[in-house]
Amino acid sequence: MFEEDWDDSSVLDVLDKQIVHGLVTDARIPFARLGAILGVSEQTVARRYRSLRTRGIIHVAGQVNTVPLGQPRWIMRITSTPAKAVALAESLARVRELSWVALLTTGFEVMCVGRTRSMQRRDELLLRMIPGATPVLGMTVYEVMRQFPFVEEWPRYSRLLTPAHLAELGPRPPMWDPLGPETPVTLSREDEAMLAILAKDGRAPYAQLAAATGWSATRVARRMNELIESGVLYFDLDFALELMGYTSRALLWLRVHPAHLEEVGQAIARHPEVAYLAAITGTANLTVSVVCRDNAHLYRYVTERLGALPGINDVEVTPALRVFKQSQSLIDAKKIAIAP
């Protein structure tokens, strides 16, 4: 681990980072419980959280994993006319099923992740809407075969908590099974109403969810747990990376010998710079999203850390020139704006 790259001076102090780690571990943890673990009041945790959210530094969102619904995730690289690339990215960022919309440093290539609920909607986006847009010159689509889990999710602040703190928080729930259940899950109208609210605010109170679904708060909690256990629902945190001191974000496209793919993936999953890692179809078979302090850090990561792994035949580095949308949150002037 490059210790100097992670000894940062961002706008978050130690308590902020401890709270963030608590939310990464359990996005809906009661503030009273988190405060008791950290040795501060419930009001202090709530105030810090509101400040982080109001300043556009973090956003907690409920995410829908489409694999248990019978639909895989896919990643697109879209080539655009240079003058229209920004407008295309802004338009794609407002499509509900698309996330992680970024303009790559080529200046006219837009990358995004798709997760549609049905084959019909998938075909509408991939075969008609996106390729039919005026600025689009071409596109490459990769299907996600396996998302590699992490022992600890980014930004990996567990080092700032004591062993006692970590024991009380407990482990983060295991990542959903990438294969999904044998029978696809069917979502009801009430499920969809709950998921729509959680997409905008992953910590929405049970009373609000009950009002939207017509269920009791107890039934809402029970159904939420069922969706989590089935792998359909999970919670994620979006971060305003530049406000946290990270100025270099890149997508890496690796060509790995098939016999080494799982081994390389498991090794990369332990790297602190890595925020997302998946085996994909296409000319590259492994994609990595990395977050670095600066370009010097990125260079050291590619040459020293990746360069030390056997089985990697080729690496394409495509830094993000600008990020327009993360998992659910739009990015405006380097901070999180709204959840569409």
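Strand β1, which runs over residues 58-64, is mostly covered, seven of its seven residues being buried, where buried means under 20% relative accessible area, exposed means over 50% and partly exposed lies in between, with a 1.4 Å probe and protein chains only. The structure is a predicted model, in which local features need pLDDT of at least 70 and side-chain atom pairs count only at pLDDT 80 or more, while totals for chains, interfaces and linings use all residues. Residues are numbered from 1 along each chain as its sequence is written, and side-chain values use heavy atoms, with hydrogens and water left out.

In a regular strand the side chains alternate between the two faces of the sheet. In β1, Ile58, Val60, Gly62 and Val64 point one way, whereas His59, Ala61 and Gln63 point the other way, and all are buried. The partner of β1 is strand β6 (residues 233-239), with which β1 pairs in the antiparallel sense over seven bridges; two strands are taken to pair if DSSP finds at least two bridges between them. Within this pairing, Ile58 stands opposite Phe239 of β6.

The protein as a whole contains twelve helices and twelve strands, these being DSSP runs numbered from the N terminus, with H or I over at least four residues for helices and E over at least two for strands. The radius of gyration is 20 Å, close to the 20 Å that the globule rule gives for 340 residues, so the protein is as compact as a globular protein of that length; the radius is taken over C-alpha atoms, and the rule is 2.2 Å times the number of residues to the power 0.38. Along the principal axes, the C-alpha trace spans about 50 × 50 × 40 Å. Of the 340 residues, 53% count as buried. Among contacts between residues at least 6 apart in sequence, 76% join residues at least 24 apart, a contact being heavy atoms within 4.5 Å.

Most residues other than glycine have a negative phi, and most peptide bonds are trans. The peptide bond from Trp154 to Pro155 is cis, with omega near 15°, and Pro155 is found in the loop between β5 (136-147) and α7 (163-169). Arg156, placed in the loop between β5 and α7, has a positive phi of about 60° although it is not a glycine, and is buried at a relative accessible area of 12%. A positive phi, near 50°, is also found at Trp100, which belongs to strand β3 (residues 98-104) and counts as partly exposed at 25% relative accessibility.

Arg156 is also among the contacts of His271, which, leaving aside neighbours within four places in sequence, touches Arg156, Tyr301, Arg305, Leu306 and Leu309. His271 lies in the loop between α11 (261-268) and β8 (274-280) and is buried, with a relative accessible area of 7%.

Ile331, in strand β11 (residues 331-332), is buried as well, with a relative accessible area of 15%. When residues up to four places away in sequence are not counted, Ile331 touches Val323, Phe324, Lys325, Gln326, Ile336 and Ala337. Between Ile331 and Ser289 the separation is 42 residues in sequence and 17 Å in space, from C-alpha to C-alpha.
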